[in-house]
Amino acid sequence: MDELPNDLRVRVGRLLAEHDPATTGRQEFLGARFDEGLAWVHFPPGAGGLALPYEFQPEVDRLLASAGAPENDMRRNGIGLGMAAPTILRFGTPAQVQRFLRPIWTGEEVWCQLFSEPGAGSDLAAVATRAVRDGDGWVVNGQKVWTSSAHNARWGILLARTDPDVPKHQGLTYFVCDMTAPGIEVRPLRQLTGEAEFNEVFLTDVRIPDEHRLGGEGQGWAVASATLNNERVAIGGRADARESGMIGVAARTWRERPDLRTAELHGKLLRLWVESEVLRLAGARLRQKLAAGQPGPEGAALKVTFARLAQQLTGWELELLGAEGLRYGEWPMVRPSSVDLTGRDAGYRYLRARGNSIEGGTSEILRTIVAERILGLPAEPRPDKGVPWKDLAR
Amino acid sequence: MSNEPTLLYTDVEGALRAGVRKLLDERCGLRGVLGCYDGDRSLVTGLWRGLNRELRLSALLVPEAHGGDGGSCREAAVVLEELGRVVAPVPFLTSAVVGTTALLASPAPAAAVLLSALAAGRRTVTLVVPLAAGPGAAAGLDIRVEAGELHGRVANVAGALEADVLLVPAARSGESVELWAVPAATAHIEPVSSLDMTRQLADVTLPGVPGELLAPAEAGRRAVGDALLTGAALLASEQLGLAQWCLDTTVDYVRLRRQFGRTIGSFQAVKHRLADLYVEVESMRAAARHAATACGGASGGASAESAVAASVAQAFCGTAAVHVAEEAIQLHGGIGMTWEHQLHLYLKRAKADQIAFGTPGSHHDELARLVALPPPV
């Protein structure tokens with residue numbers, strides 16, 4: 001592999017010299033890093049990057065991390081960093097790129113995703129939230145659900161129906177929604193862990209200016225698909241070092257608690273360890289394959305495995321803990337600002353992991369994507385195909 | 001740029017693959033391979049000679065100083081993917097990978113002579129250990145050295161039927177293992193009717209025959225250990241090749257086969273199973289590429305990572321290849337049960353490969369030690 005280009009090294013050095021991480025505030029440092037083009041080196045100049053190959057990014061990250069530079073918090077603003085930013089870059093106007101990317105990068109503005117609805121889960125293209133033209137803007141009415149971070153978010157990426165008279169995939173448009181606008185009501189949605197990571201979002205006569213439309217009118221499905229491919233990579237392909245993620249938690253418990261070991265759980269642990277290591281390698285291989293920022297359906301395949309292993313490992317850990325596994329921290333109704341899948345206690349991890357095969361595309365939908373888009377298998381007969389959205393049975 | 005080695009295929013590896021595939025497509029036909037099950041091994045010698053004469057596969061892992069091509073384990077792995085794709089009945093793994101690795105770690109001049117002969121395609125060797133022996137196995141205790149002669153018997157040896165020189169791990173006293181070279185003609189080599197006749201086993205008996213010492217005690221143990229580790233690491237690529245063929249063939253089949261007025265590949269129950277197989281095959285590829293990268297080759301020895309990588313690859317790929325082959329048969333329905341359809345060749349090879357160079361269970365035991373996940377006390 002090539003060395004880091006000299007110019008890039010100079011930029012890293014200059015950033016660190018002019019903004020000493022020890023004395024510079026977090027957002028200020030991240031802002032300076034963005035302005036230097038070191039946020040996403042594969043993004044264009046002015047958008048946090050330098051139009052360089054994506055493969056230079058890990059080394060830039062490593063150099064900055066080893067100098068003690070602050071990192072942006074993927075857990076707090078995963079939607080903004082992992083999904084909104086690449087989507088805005090690809091489909092946004094220059095003004096949108098200019099307005100939105102920098103505060104996403106610095107964490108100044110948190111984003112949420114207004115996609116799923118009570119009647120549109122796996123069948124996302126069925127969304128019923130309506131956006132109607134009104135002068136130089138749009139008026140939006142509807143209900144969204146499973147919206148993480150809506151209570152902290154400044155902006156939401158919104159999928160809404162702008163034309164009910166055409167088949168469902170064709171009548172959608174993608175917007176950036178101001179979460180402080182009048183008519184937005186965010187209600188916590190308590191989940192099986194006891195807390196409310198998610199929300200329901202009710203939109204009543206919310207006005208969105210046309211300059212906050214992302215992509216063409218009726219192009220919402222293509223834009224949303226790009227967002228969701230990014231989500232799957234963000235969720236499924238992040239493991240780096242050996243024993244990072246859930247297997248690290250399980251292995252640590254095994255090593256620290258010889259008193260709990262059984263032969264059966266030992267056999268299971270070794271199988272899960274091997275599978276986690278292979279998933280880590282597959283993630284590394286996929287990242288090497290990805291051209292800058294444009295993931296394909298292969299990320300879907302990794303996410304299926306990630307979800308299964310997280311569920312099996314957390315279940316294994318509760319079994320290992322035995323009687324201790326019967327005790328659950330507490331059941332407070334809180335609204336966390338970030339999600340830590342490997343944090344908290346074993347009971348929480350076990351319960352939270354059930355969501356891994358549902359959020360970001362159920363494992364069943366992902367298998368269908370792999371089968372149709374990678375293996376080229378035919379689609380199942382679809383009664384909704386070619387039928388105007390307004391005539392579909394709902 | 002990260003220091004992470006690429007798990008993708010390089011252009012050089014791609015060119016090597018294309019050459020091997022072309023020759024195999026022309027000369028490794030189904031009839032010839034099936035013949036191995038009916039007592040007709042006439043395909044084997046000519047095919048192996050062609051692979052050596054035209055592609056120098058026996059020279060691949062031999063260093064240039066010995067007249068070889070100084071290739072890497074990654075390149076040998078790509079060859080194994082292609083050999084696996086057609087279940088080719090040639091002794092590449094046993095001679096050009098495992099035997100060659102044992103010779104590379106052997107200090108005696110006789111080892112260098114054999115390496116040159118391998119590079120020239122004039123010799124085929126095999127390591128006389130049971131095919132099931134993994135990297136941690138105590139190989140070599142079945143043959144004794146007495147007064148410069150070798151005595152004993154080893155069952156279920158792969159590559160012995162094709163070899164003209166046997167590389168024999170042997171114990172002089174206690175458990176100190178040496179490595180000897182013995183002309184195959186002086187041994188009793190009894191063919192075994194094998195589960196996988198495309199890698200037919202043999203029982204090898206040495207009735208007190210002279211040989212040449214290749215590696216004395218400590219070096220001998222290391223040579224055998226290196227060879228079995230490399231065999232385990234690269235077998236994963238053969239398993240990948242087998243599994244990839246099974247997946248591709250099954251996808252093609254379900255897109256053609258019609259029942260209930262639809263192609264069966266449009267049923268979600270079928271699609272999801274194939275999606276899972278795709279995930280499995282891509283996971284195998286990552287594990288196999290990593291294991292091949294970690295084990296070096298003619299240019300460099302095994303890295304510290306190689307033992308973990310090899311055991312991860314075998315623990316995963318051995319079972320995955322069997323699963324893919326079993327699913328391929330199920331998804332083919334009745335035709336998958338026939339002798340006429342070649343799927344059974346892949347199932348038999350996959351099942352035998354799962355046991356070869358250590359079962360998944362023995363590799364789990366290795367890993368428990370290597371990564372500090374000890375069993376209950």
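Me: What percentages of helix and strand make up residues 13–98 of chain B, and how far apart are the end C-alpha atoms?

Reply: The span is 64% helix and 0% strand, and its end C-alpha atoms lie 20 Å apart. Helices here are DSSP runs of H or I with at least four residues, strands are runs of E with at least two, and both are numbered from the N terminus. UniProt lists this span, in an unreviewed entry, as "domain: Acyl-CoA dehydrogenase/oxidase N-terminal". UniProt positions are given in the numbering used here, feature names are shortened, and annotations may be inferred rather than shown by experiment.

The model is predicted: local features need pLDDT of at least 70, side-chain atom pairs count only at pLDDT 80 or more, and totals for chains, interfaces and linings use all residues. Residues are numbered from 1 along each chain as its sequence is written, while chains are lettered from A and ligands numbered from 1 in the order in which they are written.

Me: What does UniProt place at residues 112–206 of chain A, and what is the helix and strand content there?

Reply: An unreviewed entry places "domain: Acyl-CoA oxidase/dehydrogenase middle" there. The chain over those residues is 0% helix and 47% strand, with its end C-alpha atoms 16 Å apart.

Me: Why does A51(A) count as partly exposed?

Reply: A residue is buried if 20 or more other C-beta atoms lie within 10 Å of its own, exposed if 12 or fewer, and partly exposed in between, with C-beta atoms placed from the backbone. A51(A) has 13 other C-beta atoms within 10 Å, so it is partly exposed. A51(A) lies in the loop between α2 (26–35) and α3 of chain A, and has a positive phi of about 55 degrees although it is not a glycine.

Me: Why does N156(B) count as partly exposed, and where is it placed?

Reply: N156(B) has 18 C-beta neighbours inside 10 Å, and therefore counts as partly exposed. N156(B) sits in strand β3 (residues 149–158) of chain B. The phi of N156(B) is positive, about 60 degrees, although the residue is not a glycine.

Me: What makes a set of residues a nonpolar core, and which residues have the most contacts inside the largest one?

Reply: A nonpolar core is a set of buried Ala, Val, Leu, Ile, Met, Phe, Trp, Tyr and Cys residues joined through C-beta atoms within 7 Å. The largest core has 169 residues, and those with the most contacts inside it are A233(B), L234(B), A236(B), A287(B), A291(B) and A313(B). Helix α7 (residues 217–256) of chain B gives the largest share of this core, 19 residues. A second, separate core of 64 residues includes W40(A), L101(A), W111(A) and L214(A).

Me: How many residues does each chain bring to the contact between chain A and chain B?

Reply: Chain A brings 43 residues and chain B brings 37. Two residues are in contact if their C-beta atoms, placed from the backbone, lie within 7 Å. On the side of chain A that touches chain B, the largest share comes from α8(A), with 16 residues. That side divides into 26 nonpolar, five polar and 12 charged residues. Ala, Val, Leu, Ile, Met, Phe, Trp, Tyr, Cys and Pro count as nonpolar, Asp, Glu, Lys and Arg as charged, and the others, Gly among them, as polar.

Me: Which residues of helix α11 of chain B are buried, and what do they pack against?

Reply: In α11 (residues 360–370) of chain B, the buried residues are P360(B), S362(B), H363(B), H364(B), E366(B) and L367(B). They pack against α8 of chain A together with α9 (306–332) and α10 (343–355) of chain B.

Me: How many residues join domain 1 and domain 3 of chain B?

Reply: The domain assignment, automatic or from a database, gives chain B domain 1 (11–123), domain 2 (126–216) and domain 3 (220–370). In domain 1 of chain B, 27 residues are in contact with 30 residues of domain 3 of chain B. α4(B) gives the most to the side of domain 1 that touches domain 3, with 10 residues.
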